[in-house]
There are 2 protein chains.
Amino acid sequence: MNSTDSKHFYFTAETTSGGVVQHDFTMGEVTGALWSPETGADRAPLVLMGHGGGNHRKSPAMVGRAQRLVADGGFHVAVIDAPGHGGRPRTEHDEREIAAMQRAMAAGEPVGEIVVRYNGHLAERAVPEWRATLDALQELPEIGTEGPVGYYGLNMGTAIGIPLTAAEPRITAAVFGLFWYDDALAETARRITVPIEFALQWDDEHIPRPSGLALFDAFASEEKSLHVNSGAHKELPRFEADSAVRFFVRQLRRS
Amino acid sequence: MNSTDSKHFYFTAETTSGGVVQHDFTMGEVTGALWSPETGADRAPLVLMGHGGGNHRKSPAMVGRAQRLVADGGFHVAVIDAPGHGGRPRTEHDEREIAAMQRAMAAGEPVGEIVVRYNGHLAERAVPEWRATLDALQELPEIGTEGPVGYYGLNMGTAIGIPLTAAEPRITAAVFGLFWYDDALAETARRITVPIEFALQWDDEHIPRPSGLALFDAFASEEKSLHVNSGAHKELPRFEADSAVRFFVRQLRRS
């Protein structure tokens, strides 16, 4: 069985709360969630979201951002668990890299190099899964193939989102951030020309300022914005999620 | 006659349009404008705005930002003409510095050093005028002395706003941007601890990136945000004015 064959796309659960419908789905080995407006969902734009490392499709950040995007933007929002995340099996390679990260963190050593290397590897596995998921989502009558598609992912969601956005012409706007400059990743970012918004933390204890600024600089997008906030890596202000909603409203609801 | 005596504060004209009341005022030699909500203005927070070099209190940027702040934030908004601006008399010193700027621009030479020097001089004249204007505005019954005060100024509005905000404890939040790093100005910025939002243009033909970033870095504010956008010096996107309104709503309408 091909794990990314859209014929194997199934909804597995549905709940509704506060005007937002949440569907869980599987597509072969891939597990995901889709949030949609309870009314007015027909052919609304779709925002794909990538979660951070060690996290999963229904982490609080994903659920909170999805609710804002649905309630304030009227979008469909889809998240899939990255390989080795959200209960998906880990390979020996995954286990080895995760152990290396944990050792570096415990020793107070810089983790950037390991994260960049491991997330680059995960991106190679995740990009085809994302593209097949997008195929399947666009077969749903309430989404369709005509509407614009956005991508929103920070941390590992950026490491996967940059190659995905570079490879996927259906994605026409993206929000990235909180990731390191790396020659290979920047080379990929230089192929991205769609409008982007990029977030970084001025006092990030893991990502040096010049590294975050250089990754933002790499995007070839004529229209790009950088939002820097004071605070540590995990202190991204909540209002940046609202800013992302407004960005997608500007970009995906252009007449 | 003391040109900054609040006893000499007079309204000279009043117009109302789209729910916004615009008052012109004079205070001694200083000319200004005050925009207020037609209803619900009582004791609303006050935002002071500084205009850019060569501009004046009712330039399109000032009127547009004032209308947004009144309509979307319910604020009072006041602008005064900087010394030598908006019909106010120029000194010999003003004429000499303006001629030097124009010569540099015509020759395609960097203007930063002249602008920084001249705007620093203007700030010394403008700060006491601003403080006296604030005294007078707070004597108006619809403003009063209890409400919070913000400051919003880019370009020369930042060169004047940084020393004003550092000197004026009544200002509790500020939006700055589009100005050069300078040792003296940065020294003043290091005394500012109130929340700030700071805008810079990534492709600014006048202000080098490291210069704008270094000025942002200088503020001692625990809570500070930087908004960078692609584009040249004069291409600041309109949505940054909406962002400033949201910033002041967050900061000045905290319960």
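In this predicted model, the largest nonpolar core takes in 118 residues. The members that touch the most other members of this core are L48(A), L137(A), L48(B) and L137(B). In soluble globular proteins, nonpolar side chains tend to end up buried together.

Setting aside residues up to four places away in sequence, L48(B) touches A78(B), W130(B), L134(B), L137(B), V149(B), G150(B), Y151(B), Y152(B) and I171(B). One of these contacts, L137(B), is itself on the list of residues that touch the most other core members. Two others, W130(B) and Y151(B), turn up again in the lining of the second largest cavity.

Next come the empty spaces. Rolling a probe the size of a water molecule over the atoms shows where such space is left. A search of the whole structure turns up 6 cavities of 30 Å³ or more. The largest cavity holds about 140 Å³ of space. Its lining is made up of 15 residues, and H227(A), S243(A), R246(A), S243(B) and R246(B) are the ones nearest the centre. Two elements give two or more residues each to this lining, namely α7 (239-252) of chain A and α7 (239-252) of chain B. The largest share, 6 residues, belongs to α7(A). Sorted by class, the lining of the largest cavity comes out as 8 charged, 4 polar and 3 nonpolar residues.

The second largest cavity has a volume of about 70 Å³, and its lining reads quite simply: G50(B), H51(B), I80(B), D81(B), A82(B), A126(B), W130(B), Y151(B), M156(B), G157(B) and I160(B). Here the elements giving two or more residues are α3 (112-138) and α4 of chain B, with α4(B) supplying the largest share, 3 residues. By class, this lining splits into 7 nonpolar, 3 polar and 1 charged.

T158(B) counts as buried because its relative accessibility is 0%, and the cut-off for buried is under 20%. Once neighbours within four places in sequence are left out, T158(B) is in contact with G153(B), P163(B), F176(B), G177(B) and F179(B).

Notes
Residues are numbered from 1 along each chain as its sequence is written. Chains are lettered from A and ligands numbered from 1 in the order in which they are written. This is a predicted model: local features need pLDDT of at least 70, side-chain atom pairs count only at pLDDT 80 or more; totals for chains, interfaces and linings use all residues. Side-chain values use heavy atoms; hydrogens and water are left out. Buried means under 20% relative accessible area, exposed over 50%, partly exposed in between (1.4 Å probe, protein chains only). Contact means heavy atoms within 4.5 Å. A nonpolar core is a set of buried Ala, Val, Leu, Ile, Met, Phe, Trp, Tyr and Cys residues joined through side-chain atoms within 4.5 Å. On a 1 Å grid over the protein atoms alone, a cavity is a set of points where a 1.4 Å probe fits but cannot get out, and a pocket is an open set with protein on both sides within 12 Å along at least five of seven lines; lining residues have an atom within 4 Å of a point. Grid points are joined across faces, edges and corners, and a volume is the space filled by probe spheres set on the points. Helices (H or I, at least four residues) and strands (E, at least two) are DSSP runs, numbered from the N terminus. Ala, Val, Leu, Ile, Met, Phe, Trp, Tyr, Cys and Pro count as nonpolar, Asp, Glu, Lys and Arg as charged, and the others, Gly among them, as polar.
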